[in-house]
Amino acid sequence: GYYIGPVSEVWRLDLATLQWIPMPALVATRYDHACCVVRKALVVLGGYVKDEEETSSRLEMLSAGGADGVFTDFPALSCGRIAGGTAIAVEESDSAAGEGVL
C-alpha cells in the first residue's frame, strides 16, 4: 500500500459515475485500519490512531444512509488492538448479530 500518514477523510466511489464523493470525517485520525459495510453501515476499526503510541482497538460506525451524518465511536474491540487487518462482512443470513471477520 501507499502510506500518506494518518487521515480522517472518508471518500465513497460512485460506481455509476466513477466519481469520488466526500463523506463525513472519522472521529479518530488513523492509518493502517480496516473497514467494511455491515447492515448498510460503514464500520472502521483498528489501525494506528494519531497521538496513540500503539495500535488501536477503536471502532467507529457511520449508520446506513449516513452521507450527511457523523461517525460514532463504539466500545473497544473485544479481540484487542489490531492494525493492517482486512475486515470481511459475514453474509446476513449467517449472522444474527452482523458480525465481521478480521
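Accessible areas come from the Shrake-Rupley method with a 1.4 Å probe, and for residues only the protein chains shown count as cover. The model is predicted: local features need pLDDT of at least 70, side-chain atom pairs count only at pLDDT 80 or more, and totals for chains, interfaces and linings use all residues. Residues are numbered from 1 along each chain as its sequence is written, and side-chain values use heavy atoms, leaving out hydrogens and water.

Trp 11, Leu 13, Leu 15, Leu 18 and Trp 20 make a nonpolar surface patch of about 600 Å². Of these residues, Leu 13 lies in strand β1 (residues 10-14); strands (E, at least two residues) and helices (H or I, at least four) are DSSP runs, numbered from the N terminus. Leu 13 has a relative accessible area of 32% and is therefore partly exposed, the class between buried (under 20%) and exposed (over 50%).

The protein chain contains 10 strands and 0 helices. Buried residues account for 30% of its 102 residues.

One aromatic pair is counted. The ring centres of Tyr 31 and Tyr 48 lie 5.2 Å apart with planes at 20°, so the pair is stacked; pairing requires centres within 6.5 Å, and planes under 30 degrees apart count as stacked, over 60 as edge-to-face and the rest as tilted. Tyr 31 belongs to strand β3 (residues 30-31) and Tyr 48 to strand β6 (residues 48-49), 17 residues apart.

Notes:
Patch = residues over 30% accessible without salt bridge, like charges linked within 9 Å, V, L, I, M, F, W, Y side chains within 5 Å. Salt bridge = Lys/Arg side-chain N within 4 Å of Asp/Glu carboxyl O. Buried < 20%, exposed > 50% of the residue type's maximum accessible area, 1.4 Å probe, protein only. Phe/Tyr/Trp six-rings, centres within 6.5 Å; stacked < 30°, edge-to-face > 60°.
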